[in-house]
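Colleague: I would like to go through the labels used for this model and ask what each one rests on.
Modeller: Go ahead; here is the model.

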Amino acid sequence: MSLLYALLEGASESIEVSRDDLDGCLYPYDGDPAKPAIILFDDVPGGAGHVKRIAECEDSLKQLIQKSMDKVNCQRCGEETSCYNCLRNYHNQYCHDELKRGLVKEFLENIVLN
């Protein structure tokens, strides 16, 4: 969940759209809930092409990852938690206690460094 919300925050900032225009979910890959796929989608009636724009441009994907890293480098909360400055928002309050920015920070740093 933490990675999903970091990517959504990074996506909205990288393509400069309202966070309310994007959403996502975890989908059990091959039916295994322990291996979920992250699915991002437009959250506007009829779609607006925001996710397609990210997927089709390599620079957009790189910028999304960088903006997501910026979010999880938050200095307002501990790495074992999250706050409204990094991962939390009104729509994900059902899982606030599960959102941990430190795990995502480490994961994204490994992607960028490798």
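Colleague: Which residues of H1 are called buried, and what makes them so?
Modeller: Buried means under 20% relative accessible area, exposed over 50% and partly exposed in between, with a 1.4 Å probe and protein chains only. In H1 the buried residues are Ser2, Leu4, Tyr5, Ala6, Leu7, Leu8, Glu9, Gly10, Ala11, Ser12 and Ser14. The model is predicted: local features need pLDDT of at least 70 and side-chain atom pairs 80 or more, while totals for chains, interfaces and linings use all residues. Residues are numbered from 1 along each chain as its sequence is written, and side-chain values use heavy atoms, without hydrogens and water.

Colleague: Why is H1 called largely enclosed by the rest of the structure?
Modeller: Because 11 of its 13 residues are buried. Those buried residues pack against S1, S2, helix H2 (50–56), H3 and H4, where contact means heavy atoms within 4.5 Å. Helices (H or I, at least four residues) and strands (E, at least two) are DSSP runs, numbered from the N terminus.

Colleague: How do you know what span is expected for H1?
Modeller: The expected span is 1.5 Å times one less than the number of residues. H1 has 13 residues, and its 18 Å from first C-alpha to last is close to the 18 Å expected.

Colleague: What makes a set of residues a nonpolar core, and which members touch the most others here?
Modeller: A nonpolar core consists of buried Ala, Val, Leu, Ile, Met, Phe, Trp, Tyr and Cys residues joined through side-chain atoms within 4.5 Å. The largest one has 23 residues, and Tyr5, Leu64, Val72, Cys86, Leu87 and Leu108 touch the most other members. Two or more residues come from each of helix H1 (2–14), helix H3 (58–72) and helix H4 (101–113). H1 gives the most, with 6 residues.

Colleague: Which residues does Val72 touch?
Modeller: Leaving out residues up to four places away in sequence, Val72 touches Ala6, Leu87, Arg101, Val104, Lys105 and Leu108.

Colleague: Why is Glu16 called exposed?
Modeller: Its relative accessibility is 71%, so Glu16 counts as exposed. Glu16 lies in the loop between H1 and strand S1 (22–28).
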